[in-house]
Amino acid sequence: MVEFKDVSVTYNSSGVDALNKINLKINDGDFAFVVGPSGAGKSTLIKLVLKEIDATEGTVMVNGFNLKKLRRSKVPALRRTIGVVFQDFRLIPTMTVYENVAFVLRVIDAPAKYIRSRVPYVISLVGLSDKAKCYPTELSGGEQQRVALARALVNDPQLIIADEPTGNIDPALSYEIVELLKGINECGTTILMVTHEHDLVRYFGGRIININKGSIDFDEVIGGAQNES
Amino acid sequence: MKASSFKYLVHQGFSGIWKNRMMTFASFCILLVSLLMVGLASLTAINLTRVIGGIEDKSEVVVIISDDADDKAKDELKTHLEEIPNVNSITMYSKEEAWDGMLDSMTDEEKEFFKYADENPLPDTYRLTVKDIKNMGETTAIIETLDNVESTQSPTTFADILINIRRIFSIVAVAVVAALVVVSLIIISNTTRASVFARRKEINIMKYVGATNAFIRIPFFVEGMIVGLVAAVGALLLTKFAYEGVYNIFSDNFNIWSILGMQKLYAFKDLLFPVSVSYLAAGAVIGAVGTSISTGKHLKV
């Protein structure tokens, strides 16, 4: 669960108010699209959830962690409950697909036997079993994003944050990525997807959170074109 | 942390060397050159200190014994001299030895002139070496108060010059070595920083998936340590090669050291253990710690 209570963020360096008194609750198992123009505060929202930055005011709760009180040494514990998918994939170029995915489990000290069974399974879920030994540079954008998804998924996180996951891939493949995310969500994982692509949002529908100038000006569930057809 | 995870991280450190071979090679070269510079400067300082020390050890106080002193009196004087704390060694140089020595150093014409001398005009002497050349003047003053001492001759001015040379040299040597250490650390720090900077994205990703700082640092630490150790071995071999080259020139081709009353340079085999330990320790510590410190900057995500 993610909960923002009267959260404001002001960047000291620029004095810009990135978020103003935001109140937001995303329950376990939700799938929410976060939309809004550039500079609206979407990235700030994600940075807060990952405790990359701290709120200037208010309280942020993520998966049971009160981020205001969370010490730096405990941040890895928070991040292990979250899977992150970035627009630029952020795969480690010197590691193969298998190693990129397995790395997350090594970080949490998972037993070697579990890693050997879990990683191929997750790679198969995103349809890349035949590319497990490839390096990221040998894959297409869509494939790289699927590896990033597998990495986000492998330690069975409570929440997956997808920050513009379709921004760097072919529009046709964007639907495939969101389908994958929807599938993951159906298994109970909360998904928070930041996107610019209104067509995708209109197609899939669901909970839409629109951020504009640091405030939430729309938070509703809409029906998607997918469901109408 | 489980043993398997630790093993994995150490393995990552080793494989990181090959995966980042260009930056690893740059770090290796910089470390090698730095160790070589500091090592050769230190060895030069150690040897010059020894050479100066050798000259100091050869500085003697000549004690001229009164003509009327009999053998018993001479023995008593020797006993008194031995009781002086700063006296290191005492050698008797009889008037006959002095006479023979003088004649040996003369040309045949000069010898002819002295052939008809009625008696040996030279005195018996004790020749003393001192433990601390700084106190040579003080020691000479004490000797002059003893019975049966006619007079003394001591190179106190020369001793003062040597003391000054040694003091200035020590300061210069420490300053040069310290400056080289600082310069080396700055260069090494910049190189490791560049090496880590090239992998900042990797570190960033590790942080996002919940890696602890220790988990991220260990492979970099291992990698830095290995590079440092290999550079140390390389520097040690080059130092041996360079040192023995210089040593052979001074020791084999010219015997100037003994002519000047100086001690020889240290043979490399005498210095092998301390030099090896210093190089390996410095290489490992600088490599590992330098890389870890540089990594720290990118951990604040």
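A residue is called buried if 20 or more other C-beta atoms lie within 10 Å of its own, exposed if 12 or fewer do, and partly exposed in between, with C-beta atoms placed from the backbone. This is a predicted model, in which local features need pLDDT of at least 70 and side-chain atom pairs count only at pLDDT 80 or more, while totals for chains, interfaces and linings use all residues. Residues are numbered from 1 along each chain as its sequence is written, and chains are lettered from A and ligands numbered from 1 in the order in which they are written.

**View 1. The two chains.** Of the 229 residues of chain A, 43% are buried; in chain B, with 301 residues, the share is 27%. Chain A has eight helices and 10 strands, and chain B has 11 helices and four strands. Helices (H or I, at least four residues) and strands (E, at least two) are DSSP runs, numbered from the N terminus. Two residues are in contact if their C-beta atoms, placed from the backbone, lie within 7 Å. Among contacts in chain B between residues at least 6 apart in sequence, 87% join residues at least 24 apart. For chain A, 66% of the contacts with a separation of 6 or more are between residues 24 or more positions apart.

**View 2. Where chain A meets chain B.** Each side is made of residues from one chain: 16 from chain B and 16 from chain A. On the chain B side, helix H1 (3–19) and helix H8 (200–208) each supply at least two residues. That side has eight nonpolar, four polar and four charged residues. Here Ala, Val, Leu, Ile, Met, Phe, Trp, Tyr, Cys and Pro count as nonpolar, Asp, Glu, Lys and Arg as charged, and the others, Gly among them, as polar.

**View 3. The sheet of chain A.** Six strands form an open sheet in the order E6-E7-E8-E3-E9-E10, with mixed pairing. Two strands pair if DSSP finds at least two bridges between them. Strand E6 (82–85) and strand E10 (215–222) of chain A are the edges, each pairing on one side only. Strand E3 (residues 31–35) and strand E8 (residues 190–194) of chain A pair in the parallel sense over four bridges, and A:Ala32 stands opposite A:Leu192 in E8(A). Helix H6 (residues 171–186) of chain A packs on the sheet, where it touches E3, strand E7 (159–163) and E8 of chain A.

**View 4. The nonpolar cores.** A nonpolar core is a set of buried Ala, Val, Leu, Ile, Met, Phe, Trp, Tyr and Cys residues joined through C-beta atoms within 7 Å. The largest one has 104 residues, and A:Val34 and A:Val101 have the most contacts inside it. Its largest share, 13 residues, comes from helix H9 (residues 213–253) of chain B. A second, separate core of 11 residues includes B:Ile65, B:Tyr126, B:Leu128 and B:Val130.

View 5. Helix H3 (residues 97–107) of chain A is largely enclosed by the rest of the structure, because 10 of its 11 residues are buried. Among the buried residues are A:Val97, A:Val101 and A:Phe103. The helix is followed by A:Asp109, whose phi is positive, near 65 degrees. A:Thr94 is in the loop between E6 and H3 of chain A. With 17 other C-beta atoms within 10 Å, A:Thr94 is partly exposed. The C-alpha atoms of A:Thr94 and A:Tyr135 are separated by 7.1 Å, although the two are 41 residues apart along the chain.

How values were computed. Axes fitted to C-alpha atoms, helices over the stretch in contact; angles between N-to-C directions.
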